[in-house]
Amino acid sequence: MSQYVIAIDQGTTSTRAIIFDHAGTIVSSGQLEHEQIFPKAGWVEHDPVEIWANTREVIGSALSKANLTRHDITAVGITNQRETAVVWDKTTGQPVYNAIVWQDTRTQPIVDELAADGGVDRFKETVGLPLATYFSGTKIKWILDNVDGARAKAEAGDLLFGNTDSWVIWNLTGGTDGGVHITDVTNASRTLFMDLETLSWDDSILKTFGVPRSMMPEIKSSSEVYGTVHTSQLLREVPVAGILGDQQAATFGQAAFETGEAKNTYGTGCFLIFNTGEEIVRSKNGLLTTVGYKLGDAKPHYALEGSIAVTGSLIQWLRDNLNLISSAPEVETLAAAVPDNGGVYIVPAFSGLFAPYWRSDARGAIVGLTRFVNKNHIARAALEATAFQTREVLDAVNADSGVPLSELKVDGGMVANDKLMQFQADILGVPVIRPKVTETTALGAAYAAGLAVGFWKDLGELSSNWSEDKRWEPQMDQAESDRQLRLWKKAVTKSMDWVDDDVK
């Protein structure tokens with residue numbers, strides 16, 4: 001009998017394959033980074049061909065490390081970087097352009113053009129999202145408008161679109177040899193094209209964007225058997241049975257299944273998701289309304305989300321662009337060498353400001369510099385920026401929901417940083433809790449796939465797998481916390497109104 005589920009986590013900086021047992025424990029994993037391509041300021045791309053090659057390799061690596069074969073795997077789950085758009089030719093299997101990454105800001109003129117009639121909230125009532133460069137829709141339009149021959153091919157029915165979940169699954173299930181062209185409701189809810197109530201593509205919005213319906217993947221639930229892995233692949237004939245966008249997957253992996261439960265994932269960006277149950281809650285405080293999950297034929301669960309563009313990638317920037325550190329863990333050592341930030345605040349608006357501000361005219365700023373400041377203060381300010389941004393998003397969640405969160409479950413790579421987690425608890429004023437399995441994104445995808453094939457019987461069984469590893473209680477004096485938050489908000493204002501006709 002098959003004893004394991006494998007999750008493919010196609011993330012912003014790397015692709016991973018992680019094998020889980022029935023207890024939700026990691027058995028083995030494989031991971032490969034892919035190139036971050038920056039053709040111009042504000043442009044961020046990935047090579048979809050490299051991503052697919054890496055996917056195949058990490059699957060092999062995870063299987064070999066555990067000395068397992070396809071016969072040991074009961075199902076495949078997929079989780080992915082959301083909003084990153086791939087457009088490819090279904091007859092050749094080749095992308096017509098690099099994947100345009102969620103952080104990319106080149107489509108701002110398209111946003112401005114569409115917002116001229118009805119503002120940035122033009123489609124928000126239907127799709128739950130403001131017009132922004134963040135989402136897939138404007139990226140598809142840019143490719144069709146700017147890649148030679150793309151629009152003609154799309155209108156002839158030869159091009160397919162997908163976020164990276166669709167790209168991986170299409171290739172995994174055969175590609176040009178019968179590959180399945182699908183996505184799930186969580187990814188579809190990040191395109192600007194899906195009606196939140198009907199869970200179907202909105203033809204009028206597609207027409208407004210000039211995107212042919214034939215390009216769009218079929219929308220499925222997050223947990224059902226979509227097809228099987230193609231016979232040419234290592235996992236041949238294993239069911240592909242779960243899809244969740246990365247942040248929804250992390251929420252699912254944290255067992256935050258019920259209304260009022262929430263989690264925050266600390267990765268390249270930071271994403272706080274608050275489960276609103278079967279109710280669609282329209283944010284009045286700068287949050288996104290999105291789909292949390294949908295299990296088979298059951299009703300969907302919706303969520304409010306606060307999306308922060310730059311958190312972990314700020315630490316990468318210190319390492320790769322400034323050479324301030326040689327490895328990410330060093331930032332904690334530097335930060336611990338000083339008692340505070342020395343008056344320095346870093347607002348990492350590299351792609352503008354996301355929730356709760358949604359200001360595309362913002363750019364990164366370091367404020368409060370004096371001769372006293374050294375690299376330790378800079379490192380500390382970089383970590384603290386993540387905590388401050390999370391506080392602002394949590395305030396928005398509390399305002400929208402009317403029920404203040406009493407604790408925050410956390411996951412993602414940065415939760416290994418004790419200094420950051422303590423400061424996060426201090427600035428939130430509520431306990432911060434880390435689970436024993438912090439790879440909750442991959443775990444959530446594994447859960448969705450395992451439920452579909454009966455490997456796990458129900459959500460109760462998944463909840464019993466969750467266990468606490470560590471919690472951080474607030475220790476900072478309230479007056480000091482308030483003072484720091486006030487200065488942070490002041491720093492944020494300094495990042496705004498930077499982009500104008502002369503500054504792109």
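The points below take up the helix packing and then the cavities.

1. The model is predicted: local features need pLDDT of at least 70, side-chain atom pairs count only at pLDDT 80 or more, and totals for chains, interfaces and linings use all residues. Residues are numbered from 1 along each chain as its sequence is written, and side-chain values use heavy atoms, with hydrogens and water left out.

2. Helices α12 (residues 375–401) and α13 (residues 418–428) pack at about 40°, their axes 9 Å apart; helices are DSSP runs of H or I, at least four residues, and strands runs of E, at least two. Axes are lines fitted to C-alpha atoms over the stretch in contact, with angles from 0 to 180 degrees between N-to-C directions.

3. Contact (heavy atoms within 4.5 Å) involves residues of α12 including L383, F388 and L394, and residues of α13 including L420, F423 and I427. The contact residues divide into eight nonpolar, three polar and four charged.

4. There are three cavities of 30 Å³ or more. A cavity is a set of points on a 1 Å grid over the protein atoms alone where a 1.4 Å probe fits but cannot get out, and lining residues have an atom within 4 Å of a point.

5. The largest cavity holds about 120 Å³. Its lining numbers 16 residues, of which I308, L353, F354, A355 and Q389 are closest to the centre. β18 (301–308), α12 and α16 (478–495) each supply at least two lining residues.

6. The second largest cavity has a volume of about 50 Å³. Helix α9 gives the largest share of its lining, three residues. This lining has six nonpolar, four polar and no charged residues.

How values were computed. Nonpolar A, V, L, I, M, F, W, Y, C, P; charged D, E, K, R; others polar. 1 Å grid on protein atoms, 1.4 Å probe; cavity = no way out; pocket = protein on both sides within 12 Å on 5 of 7 lines; lining within 4 Å. Points joined across faces, edges and corners; volume = space filled by probe spheres on them.
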